[in-house]
Amino acid sequence: MRQIDRDSLPHLVDVFCRMTKRYYYTFWARIAARWWGVALCPNCSFSGRPRFRRHPQSRISIGAACKFNSSPFSNLIGINHPCIIATLREGADIQIGTGCGFSGTTIACAKKVVLGKNIRCGANTLITDTDWHNDDVRTNPDAPVAIGENVWLGVNVTVLKGVSIGENTFVAAGSIVTKSLPANVVAAGCPCKVIRPILFL
Ligand SMILES: CC(C)(COP(=O)(O)OP(=O)(O)OC[C@H]1O[C@@H](n2cnc3c(N)ncnc32)[C@H](O)[C@@H]1OP(=O)(O)O)[C@@H](O)C(=O)NCCC(=O)NCCS
C-alpha cells in the first residue's frame, strides 16, 4: 500500500478521479449501447463518452472486458477524440473480440470489420473498410478488414480497406496500413511494411 504524503497526493487524487469517472461513464455508455442496439458483453469499461452509431439492419458486437478511453483525462497519451464505433450501411458488421483496448479509436464499417481477442489500439487509431465517398469515381469498392488476436496498433495508426493483419503483429506508431501484414512481425511506415519478425523467447 502506497504511503499518503505530499509527494504522492496529486497522483493518488488523480487515480481516484479517473476511477470515479470510469464508473460514471461506464454507466452511461451501457445505456447508449443499449439505445443504439450494440451487443455489449459484460465487464466492458469506458472512460469518457464513446460514440456509437449503428445503421439500421447492421450489427455491432463487442466482446467482454474491452476498455474504451474516450477523453484526454483517460490516460496520458494525448487522445484527441472519443472512441467512435459506427456502422455506415445496411448489412455492415463490426465484431470486436474480448479484452481489447481502445484510446480515441475510430472503427467505421460499411461491410465487415472483425477484431480478434486482446487487440491494443493506441491513441487516435482509425480502422475502416471503406473510402466513405463511394459515389466518387476516385474510390475503390469497400473491402473487409480483419485484425488477428493480440495485434498492437501504435498511436495514430490507420488501417485501410481490404487489410488483414496476422496475430501478434505490432504496427509502429504513425503507420498507414494499406496492404495485409503477416503474423508475428513488426511493421512500420507509410505505406506500412514489415521491418522485422518478432522473436518469441
Ligand atoms: C514499433 C516500435 C516498438 C519499434 O521500435 P524499435 O524496436 O526501437 O525500432 P527498431 O530499432 O526495430 O526499428 C527498426 C527500423 O524501423 C524504423 N521504425 C521504427 N518505428 C517506426 C515508425 N513508427 N515509423 C517508421 N519507421 C519506424 C526505424 O527507424 C528503423 O529503421 P532503420 O533500420 O532504417 O534504422 C516503435 O517504433 C513504436 O512504434 N513504438 C510506439 C508504440 C506506441 O505507439 N505506444 C503507445 C500507444 S499504445
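This is a predicted model: local features need pLDDT of at least 70, side-chain atom pairs count only at pLDDT 80 or more; totals for chains, interfaces and linings use all residues.

Student: Why is Arg138 called exposed, and what is Asp136 called?

Tutor: Buried means under 20% relative accessible area, exposed over 50%, and partly exposed in between, with a 1.4 Å probe and protein chains only. Arg138 has 74% relative accessibility, so the word is exposed. Asp136, at 23%, counts as partly exposed.

Student: How many salt bridges does a search of the whole structure find?

Tutor: The search finds 5. Among them is the one between Arg89 and Asp142, at 3.6 Å from N to O. This pair links distant parts of the chain, 53 residues apart: Arg89 is in the loop between strand E6 (84-87) and strand E7 (93-96), and Asp142 is in the loop between strand E12 (126-128) and strand E13 (145-147). Strands here are DSSP runs (E, at least two residues) and helices likewise (H or I, at least four), numbered from the N terminus.

Student: Are Arg89 and Asp142 buried or partly exposed?

Tutor: Arg89 has 28% relative accessibility and therefore counts as partly exposed. Asp142 has 15%, so Asp142 counts as buried.

Student: What makes Lys161 and Asp131 a salt bridge, and which parts does the pair tie together?

Tutor: Their closest N and O atoms are 2.8 Å apart. Lys161 lies in the loop between E15 and strand E16 (164-165), and Asp131 in the loop between E12 and E13, so the pair ties together parts that are 30 residues apart in sequence. Lys161 is partly exposed at 21%, and Asp131 is partly exposed at 28%.

Student: Why are strands E3 and E18 called edge strands?

Tutor: The open sheet has 6 strands in the order E3-E6-E9-E12-E15-E18, with parallel pairing. Strand E3 (51-53) and strand E18 (176-177) each pair on one side only.

Student: What makes the Thr87 and Ser58 side chains a polar contact?

Tutor: A polar contact is a pair of N or O atoms within 3.5 Å; within protein, one must be able to donate a hydrogen and the other to accept it, and residues adjacent in sequence count only if both atoms are side-chain atoms. The two side chains make their contact at 2.7 Å. Thr87 lies in strand E6 and has a relative accessible area of 4%, so Thr87 is buried.

Student: Why is strand E20 described as hardly covered?

Tutor: Strand E20 (residues 193-197) has 5 residues, and the count of buried residues among them is 0. Strand E19 (residues 185-188) pairs with E20 in the antiparallel sense over 4 bridges, and the bridge partner of Val185 in E20 is Pro197. Their hairpin has 4 residues between the strands, and Gly189 there takes a positive phi near 105 degrees.

Student: Which strands each supply at least two residues of the shell around the ligand?

Tutor: E19 and E20 do. The ligand is surrounded by 13 residues, the closest being Gly154, Val155, Ala173, Ile195 and Arg196; a residue is near if one of its heavy atoms lies within 4 Å. An N or O atom in the side chain of Arg196 is 2.5 Å from an oxygen atom of the ligand. A backbone N or O atom of Ala173 is 2.8 Å from a nitrogen atom of the ligand.

Key:
Residues are numbered from 1 along each chain as its sequence is written. Side-chain values use heavy atoms; hydrogens and water are left out. Two strands pair if DSSP finds at least two bridges between them. A salt bridge is a side-chain nitrogen of Lys or Arg within 4 Å of a carboxyl oxygen of Asp or Glu.
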